[in-house]
Structures are given as structure tokens and as C-alpha cells.
Protein chains: 2
Amino acid sequence: MPNASATTGLQLRSEVKPEGIVELSLVSVAVPEPKPEEVIVRVDASPINPSDQGLLFAGADMSTAKASGTADHPVVKATIPPAAVKAAAGRLGQSLPVGNEAAGVVVQAGASPAAQALLGKTVAILGGAMYAQYRCIKAVQCLVLPPGTTPAEGASCFVNPLTALGMVATMRSEGHKALVHTAAASNLGQMLNKICMKDSVGLVNIVRKPEHADLLRKIGAAYVCNSSAPSFMDELTEALVATGATIAFDAIGGGTLAGKILAAMEAAANRNAKEYSRYGSTTHKQVYIYGGLDRGPTEIHRTFGMAWGVGGWLLTPFLQKIGFEAAQKLRERVAAEVKTTFASTYTKEVSLAGALQLAEIAVYSKQATGEKYLINPNKGSK
Amino acid sequence: MPNASATTGLQLRSEVKPEGIVELSLVSVAVPEPKPEEVIVRVDASPINPSDQGLLFAGADMSTAKASGTADHPVVKATIPPAAVKAAAGRLGQSLPVGNEAAGVVVQAGASPAAQALLGKTVAILGGAMYAQYRCIKAVQCLVLPPGTTPAEGASCFVNPLTALGMVATMRSEGHKALVHTAAASNLGQMLNKICMKDSVGLVNIVRKPEHADLLRKIGAAYVCNSSAPSFMDELTEALVATGATIAFDAIGGGTLAGKILAAMEAAANRNAKEYSRYGSTTHKQVYIYGGLDRGPTEIHRTFGMAWGVGGWLLTPFLQKIGFEAAQKLRERVAAEVKTTFASTYTKEVSLAGALQLAEIAVYSKQATGEKYLINPNKGSK
């Protein structure tokens with residue numbers, strides 16, 4: 001196995017400096033000797049998810065980014081707007097590793113049978129510090145990928161797949177029968193469509209561009225509404241009537257969309273109302289905000305009665321709530337369907353140094369649908 | 001008993017007309033013969049709560065109100081702004097009775113023992129159509145007031161007392177240990193302070209004027225924050241640290257206050273945080289909006305992590321959720337403490353015709369703290 005005896009590896013770091021800037025750099029870190037229950041994974045593929053960019057950029061305005069350092073050890077500095085400085089206060093001066101999830105090959109293993117059994121296997125891993133050439137992790141945290149799966153195919157086994165599965169599970173556990181999803185043409189959104197088609201769950205997709213609507217219809221989505229169209233509210237209401245969706249998962253967060261979804265849900269609920277109620281329908285309408293593509297304030301025009309909720313939704317507390325066994329079932333489903341339901345696509349594969357090129361940052365920091373990057377920390381080094 | 005044989009009585013009505021106006025008037029309605037399980041209550045006192053004004057005014061701009069009719073049968077018409085017309089569409093052309101709660105004397109009773117037992121008793125009643133001289137209602141719905149209680153003292157036995165008790169019960173059932181209340185110097189807010197002092201529950205009061213802070217401190221409130229003060233966020237955060245309050249009940253609804261409360265709760269939760277979490281604290285922070293003193297949009301600046309919720313809260317679904325028996329216990333507590341914990345004060349007592357005088361509407365429609373009206377539908381007629 002190449003690099004089986006590597007003693008150091010590069011790791012990407014993000015640090016907020018007292019002067020209100022974020023500094024991104026690569027550092028050399030020692031590869032530890034794995035404890036009996038641990039393995040060393042050579043990271044071959046790790047996606048840049050929107051959920052990684054919060055930690056990576058610390059809310060900085062990346063249009064202010066300036067490059068320094070060398071080609072192998074680039075350094076990027078960018079200014080954090082005053083409003084975001086306060087939110088970043090808790091991490092001031094800490095050089096933090098980044099990267100939620102990855103896939104790679106187990107190149108070293110601790111003495112335990114569980115660890116030894118993983119030697120040479122391609123595994124998917126979750127847990128932070130994945131933008132690194134090597135990652136030491138407990139054997140029990142490794143999801144073994146089916147034979148013939150490449151690290152690139154298995155790199156996004158957790159964040160998007162478990163989030164999509166978690167949305168459907170939350171919908172069920174809170175008593176709803178169909179759901180709404182925004183920014184619906186994303187990798188996550190496409191997975192959610194495949195899950196819902198496979199599991200016969202009603203799904204209303206909200207997108208912002210006609211080409212994204214086309215993309216979703218091509219993969220079989222039945223309900224796609226374009227929020228930029230003048231007929232949006234009518235089309236959304238009809239889709240809600242047809243599906244009975246009363247819960248939404250919103251990746252955007254800022255602006256009026258969450259409130260509009262609630263208003264359309266109320267209109268759908270009142271479609272067959274028998275008598276006027278001054279407090280609106282008694283149907284509980286819920287929007288969970290799980291992302292912040294628009295970091296601006298959420299503006300809720302309360303025209304939909306009193307039976308409503310808007311709140312944050314996050315994968316980790318959801319997994320904690322359902323417990324290890326239920327979560328493990330979800331993970332195993334992901335591994336089994338990694339090349340179908342949970343297949344991801346990427347625009348570009350870059351090295352760690354490549355991820356710190358200003359030209360690349362300018363592209364992936366937009367978090368635009370269809371512009372997803374994959375980091376291969378060992379690109380060119382094998 | 002006076003009027004025991006009355007065959008008709010005046011009733012206040014509100015109707016939305018197709019031309020986008022609301023019309024308020026008094027109509028003569030027949031007093032029905034009570035069925036065996038029913039009684040006729042002569043309504044002597046019924047408060048004008050904020051929750052009544054939604055139905056009464058239908059969202060109309062009352063500064064446009066015009067009077068017509070006679071002194072005994074006044075008619076008031078006011079224009080409904082375009083934004084509110086849609087919300088009122090469900091009640092178009094329906095002449096609706098108004099008034100959630102009242103107190104009065106049982107002047108006629110059906111044949112059943114339960115009904116007969118109420119004859120001559122002073123009772124508090126809930127159920128709509130209370131702005132009327134007589135109200136036919138089931139005996140089981142009557143809350144008998146302790147001897148020596150006047151109808152005026154018992155008029156507000158339900159909406160405010162049960163809402164205040166419901167807030168404390170919701171706080172407990174959702175796992176919080178203290179609560180925040182806005183518009184806290186209201187009748188409801190004063191009750192909530194008395195309940196919390198009696199039951200040793202931490203309460204953070206938010207008011208908008210220094211004189212309201214003084215009022216609450218005089219009745220013993222420990223934590224009062226003035227949202228108009230420049231030091232508001234700091235004072236609120238300190239009060240949240242001291243009480244551990246992680247749930248708020250907000251009567252205002254519009255504007256940035258709900259989001260500010262969540263931000264202060266997050267700051268309080270992070271006060272003792274050991275390490276930086278990019279997703280904020282794991283403490284769930286909740287704001288329930290139960291009123292709409294500001295009908296404008298709710299503007300939420302999401303600077304407080306992902307463990308948060310904002311939603312509607314309403315008394316009736318709360319009572320349905322806890323069930324009849326638990327609700328009955330709350331009602332009995334109200335009756336027992338109606339002159340102490342649950343005492344209400346009113347600015348003025350008016351007749352039904354008086355409630356439709358433009359000068360009076362101009363005062364009570366402001367829903368200002370300390371400007372609460374009581375309707376006595378039989379004022380002057382006894």
C-alpha cells in the first residue's frame with residue numbers, strides 16, 4: 001500500500017485572527033500511531049459541502065480574499081464583516097481543521113480485530129478534519145463501501161444522504177404525510193427526489209431557475225415550482241393540495257420564502273374548510289431551516305393563522321435523537337445504494353492546495369447548484 | 001329575577017362587506033328556550049380583549065371608521081386595507097357575533113338538575129357571542145364564581161387566566177425551567193407575574209416603557225427589561241443567565257423582538273460554553289407568538305445557531321391537548337383566585353351601544369397597556 005508508513009500529512013486549517021480576518025493555510029501534522037480500536041484512512045475524496053463552508057470561511061466576505069504563501073503552501077486571508085465577527089468570537093485564535101466527511105483507503109490499523117479487518121478497505125468516514133491527507137478514526141466509525149466503489153463515489157455518504165433520509169424520517173415522526181424542499185435541484189435535493197420516488201412519499205420541489213426545474217423533471221420529479229415565476233404561489237398551493245405536504249425543509253433561510261410556504265400551506269388547508277375560523281386552519285404547518293444560502297433575516301408575514309412553526313434543523317441532533325441503531329440502518333442503506341439513490345456529482349476535483357486557489361474559491365464559495373467541488377488531499381502525491 | 005322572561009336581546013355583530021369594509025351593528029335576536037342541559041345567562045360584563053378585536057374589526061383600519069345609525073342602534077363602517085381583505089375572505093357576508101368570554105347571572109334554566117342548580121348563580125362563561133344581553137349556553141360550560149364575586153370581577157376568567165396558566169404549563173411540558181413574556185405589563189402579564197411568584201417560576205418581563213417597568217416592579221417582578229433602552233440586549237441576557245429561561249411568549253409578533261430574544265438566549269447559553277461549536281449551542285430556544293400587537297412581518301436575524309423555533313401559540317389547541325380534566329383544574333384555580341391572582345382592571349365600562357361609539361373605539365382599539373374596556377350589555381337596562 002503506498003504511503004502506508006507516512007509519518008506526516010498535510011491538513012487544511014482555518015483560523016480567525018483578532019484583526020477580524022480568517023486565514024486559510026496548509027500545515028504538516030504528524031500521522032499518529034493508531035490505538036487498538038483505530039485506523040488510519042488515506043483520504044482520497046472529501047466534498048466541499050455548504051455545511052463545511054461555515055467553518056472554513058467563518059462568515060468572511062470571500063470577495064476580499066488575498067493570496068500569499070507558495071504554490072504548495074498557499075495562504076488565503078479574507079475580511080470578516082463586522083456582523084459576523086461576533087459570531088466567530090468563540091473560535092478566535094484557534095487553528096481549526098475542516099471537512100465533515102470523506103472516503104479513502106485504510107492504510108494502517110490498530111491491533112484490535114475490528115481495526116485489522118478494515119486494512120485495505122475503502123471506507124466512508126464522518127467527523128471533521130477530513131481536508132487532510134490522513135485521518136485517524138475509530139474503526140466503528142468507518143462505513144465499509146461495497147466492493148468496486150471508488151473513494152470519489154463514496155465521499156458524500158453522510159451529510160447529504162443522512163440529511164435527506166432525516167428529512168423523510170422527521171416528516172413521518174412529526175405526523176406529516178408529504179414534504180416540501182427548497183433549493184431542490186442540489187445534490188441533496190436530487191437524492192431526496194430519488195428517496196421519495198422509491199419510498200412513495202409526496203415531494204414538492206422549489207427551485208429558483210427554469211433549468212433546475214427541467215433537471216428535476218428529467219429525473220422524475222412530479223411537483224416542481226419555480227419561486228421566480230409570477231404564478232409561483234398558485235402553483236405551490238396546487239402542489240400542496242395534491243400532495244398534502246405540511247412540512248418543508250428550507251436550505252435558503254433568509255428572505256420571504258419560508259413565510260410564503262406557510263401561507264401556501266394555509267391556503268391549501270383552507271381549500272376545503274367548512275367554516276370561517278378567525279385563527280386560521282388547525283393544521284400545523286412547519287418549516288425547518290437547515291441551511292443559510294441567504295444569510296439575511298428570515299421575514300415572516302404572519303397571514304396563515306396560529307398553527308405554524310419555523311425552526312432550525314440539523315443532522316447531528318436528529319441522529320442523536322433516533323439513536324445509534326436507527327442511525328446505523330440509515331447508514332447501511334446509504335452504503336447499499338451509494339451508486340444509485342445516493343450518487344453525487346462534482347464539477348471538479350482539486351488538491352488541498354487547489355482548494356485554496358482564489359479562482360477555485362470564487363467558484364465553489366457561491367454554493368451554486370451544479371458547482372460542487374471534491375477535494376482529493378492525495379491528488380498527485382500517489 | 002329581572003328580565004327572566006325577556007324574549008329578545010341585543011347582540012353586537014361584525015360583517016365584512018364585498019366592497020372591502022367591515023360593518024359593526026347591534027341586532028335584536030330572540031332569546032331561545034333553553035334545552036334541558038342549557039341555561040340562559042344575562043351577560044353583565046364582557047371584556048374587550050385583543051383576541052376579540054381580530055374578529056370585531058376584521059383587520060380594518062379603524063382610523064377610517066364612520067358612524068351612522070341611531071344612538072341606540074349605532075352602525076360603524078371602516079375600510080379594510082387590501083392586505084387584510086384576503087385574510088377576511090372566509091367570513092365575507094356573514095353577520096358574526098363577537099365576544100369570547102363574559103360573566104353574568106343565570107336567569108333561566110333547562111329542566112336538567114345540573115341546569116336548575118345554576119339558577120340565580122353568578123357564572124363565568126366562554127364560547128363566543130358574548131357581546132349580547134343574553135347568552136344560551138350548556139350548564140357544564142358555566143364556571144360558578146365564589147359567593148360575593150361580581151360579574152365585573154369574573155368577566156375575564158378564561159382568556160387571560162388560562163393563557164397565563166397555559167404558558168407556564170407549556171414551559172414545563174416542553175422541558176424549560178423559566179420563561180420570558182413580552183408586553184409584560186398587560187393584564188395578562190400582571191397575572192403571569194402573580195402566578196410565577198406564587199409557583200416559584202422564573203419570569204423575565206419585557207416592556208416598552210419605563211412606567212410599565214415600574215408598574216411590574218411594584219407588584220414584585222424580579223426581572224424587567226425595557227426593549228426601548230440602549231442596554232436592552234445586555235440586561236435581557238443577564239436576566240436569562242439568572243433565570244435560565246429558554247422559552248418566550250410574545251404578544252407583539254411583528255418586528256425584530258422575537259429574534260432578539262433568541263439571540264440573547266443563545267448568548268446566555270454560550271456564557272459557560274467550553275468549546276466553539278460552529279452550529280451554536282445545543283440548547284433549544286423557543287419563542288411562541290400568541291398575539292399580534294404589531295401586525296407587520298416577523299424579522300428573524302438567525303445569529304443563534306440551529307437549535308431554535310418560532311411558532312404560533314393559541315389557547316384552544318393547548319386546552320384540547322391537555323384534555324378536559326386538566327383544563328377543568330386550571331379553571332377551578334381561576335375561580336378560587338379570581339379576586340387575587342387573576343384580578344383584572346378596566347379603564348371603563350360601556351354599554352353595547354357605547355362600545356360602538358367612535359370615541360371609545362379610538363381608545364380601546366389601540367390595545368394600549370392599561371386601556372382595557374369592559375362591556376356591560378345590560379348597562380342601564382336593569
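Is A:Ala129 counted as buried or exposed, and at what relative accessibility? At 15% relative accessibility, A:Ala129 counts as buried (buried means under 20% relative accessible area, exposed over 50% and partly exposed in between, with a 1.4 Å probe and protein chains only).

These legends describe a predicted model, in which local features need pLDDT of at least 70, side-chain atom pairs count only at pLDDT 80 or more, and totals for chains, interfaces and linings use all residues. Residues are numbered from 1 along each chain as its sequence is written, chains are lettered from A and ligands numbered from 1 in the order in which they are written, and side-chain values use heavy atoms, with hydrogens and water left out.

**View 1. Two alanines of chain A with positive phi.** A:Ala129 has a positive phi of about 60° although it is not a glycine. Look for A:Ala129 in the loop between strand 8 (122-126) and strand 9 (134-138) of chain A. Helices (H or I, at least four residues) and strands (E, at least two) are DSSP runs, numbered from the N terminus. A:Ala183 also has a positive phi, near 50°, and sits in the loop between strand 11 (178-182) and helix 6 (187-199) of chain A. With a relative accessible area of 12%, A:Ala183 is buried.

View 2. Over all chains, a search of the whole structure finds 12 aromatic pairs. Rings of Phe, Tyr and Trp (its six-membered ring) pair if their centres lie within 6.5 Å; planes under 30 degrees apart count as stacked, over 60 as edge-to-face and the rest as tilted. One of the pairs is A:Phe249 with A:Trp313, edge-to-face at 5.7 Å centre to centre and 85° between the planes. A:Phe249 belongs to strand 14 (residues 247-250) and A:Trp313 to the loop between strand 18 (308-312) and helix 10 (315-322), so this pair ties together parts that are 64 residues apart in sequence. Both A:Phe249 and A:Trp313 are buried. Because the ring centres of A:Phe304 and A:Trp308 are 5.3 Å apart and their planes at 75°, that pair is edge-to-face. A:Phe304 is buried at 0% relative accessibility, and A:Trp308 is buried with a relative accessible area of 2%. A:Phe249, A:Tyr288, A:Trp313 and A:Phe318 form one aromatic cluster.

View 3. Turning to chain B, you will find B:Pro34 in the loop between strand 2 (21-30) and strand 3 (38-47). B:Pro34 is buried, with a relative accessible area of 11%. Apart from its neighbours within four places in sequence, B:Pro34 is in contact (heavy atoms within 4.5 Å) with B:Val39, B:Ile40, B:Gln108, B:Ala109, B:Gly110 and B:Cys136. Its C-alpha atom is separated by 8.8 Å from that of B:Lys138, 104 residues apart along the chain.

**View 4. How the two copies are related.** Chain A is superposed on chain B by a rotation of 180° with 0.1 Å of shift along its axis (RMSD 0.0 Å).

**View 5. Chain A, for orientation.** Chain A has 13 helices and 20 strands. Its C-alpha atoms fill a box of roughly 75 × 50 × 35 Å, taken along the principal axes. Of its 382 residues, 55% count as buried.

Terms used:
Least-squares fit on C-alpha atoms with pLDDT ≥ 70 in both.
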